Amino acid sequence: MILRNFKKLFILISVILIALILFSCGDNALKFKNDGNTGNLIDGENGRYYIYCKGYLQAAAISPYIYAKGDQGEKLYEVDGIDPSKWLSEDINNGIAFLFREQSEEEPEFETFETERIHIVMSEEVSVAVGLIDDMKDVYTIVNDYIYNPETDYPGFVTDRFDFCFESEKYSGIYYVLQYLVDERNNAYLYNRWTGRCVSCGVKLFGGSGVGADID
């Protein structure tokens, strides 16, 4: 009886060890170290330092495979079409996904982003694309409104809320994201939730009697 139990225990331990070895061999992700309280990540193997960007910058699409893991549970993915030595992203299907840029890379600014189209996204539990603005007249209006319109108070009551994902060839694969808000009087606003800047917007979505031009 003792010998039989010993054999069972030996088999169980062997199975566990084999599973651990297989799991270890299958995990090819780089190991990153979190740089204290900065949120930045160190790739010691390749001598790279990744700086996390504010949430108004997001990846358009990512690889399904984990590229690197941080020592505090971070999981980083390649951004589609971008060298991972320059940019990496958290999982864009899991809440707000932060982008990380290698320290030698320039962080995009809205004023020089050179937007060519704007994806309209409804973000609740999941993000759903609901439209596209690619008429350059409307794109210029929206971009210039955010840059040049004076700041205004955040609307007291928001009836509709969308994400505007600004896309450009200059920063292919990266979105600059602002919120598009509509209040109870059908006035439209652009809002950066990370900087707090809120301005009126002269473009009205999906028709209606609000201010500005209509986009059907």
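The model is predicted, so local features need pLDDT of at least 70 and side-chain atom pairs count only at pLDDT 80 or more, while totals for chains, interfaces and linings use all residues. Residues are numbered from 1 along each chain as its sequence is written, and side-chain values use heavy atoms, with hydrogens and water left out.

**The barrel**

Seven strands form a closed barrel in the order E1-E2-E3-E8-E7-E6-E5, with mixed pairing. Neighbouring strands of this sheet are turned by 40° against each other on average, direction ignored. Such axes are lines fitted to C-alpha atoms, with angles running from 0 to 180 degrees between N-to-C directions. Strands are DSSP runs of at least two residues (E), helices of at least four (H or I), numbered from the N terminus. Two strands pair if DSSP finds at least two bridges between them. E3 (residues 48–52) and E8 (residues 99–102) are antiparallel partners over three bridges. Tyr52 faces Phe100 in E8.

**Helix H2**

H2 covers residues 136–148. Its 13 residues should span 18 Å at 1.5 Å a residue, and the end C-alpha atoms are 17 Å apart, which agrees. The expected span is 1.5 Å times one less than the number of residues. Asp138, Val139, Ile142, Val143, Asp145 and Tyr146 are buried in H2. They cover an arc of only 155° around the axis, which puts them on the same side of H2. The arc is that of the directions from the helix axis to the C-beta atoms. Lys137 and Tyr148 are exposed, on the face turned away from the buried side. Buried means under 20% relative accessible area, exposed over 50%, partly exposed in between (1.4 Å probe, protein chains only). Asp135 caps the N-terminal end of H2.

**Arg197**

Arg197 sits in the loop between E13 (188–191) and E14 (198–200). It counts as buried, at 19% relative accessibility. Its contacts (heavy atoms within 4.5 Å) include Tyr146, Asn149 and Glu151.

| Side chain | Backbone atom | Distance |
|---|---|---|
| Arg197 | oxygen of Tyr146 | 2.8 Å |
| Arg197 | oxygen of Asn149 | 2.7 Å |
| Asp135 | nitrogen of Lys137 | 2.9 Å |

**Two loop residues**

Most residues other than glycine have a negative phi. Glu114 has a positive phi of about 60°. Glu114 lies in the loop between E8 and E9 (117–123) and counts as exposed at 51% relative accessibility. Asn186 also has a positive phi, near 70°. Asn186 is in the loop between E12 (174–183) and E13.

Technical notes: Polar contact = N/O pair within 3.5 Å; in protein donor to acceptor, adjacent residues only side chain to side chain. Lists of a residue's contacts leave out its neighbours within four places in sequence.
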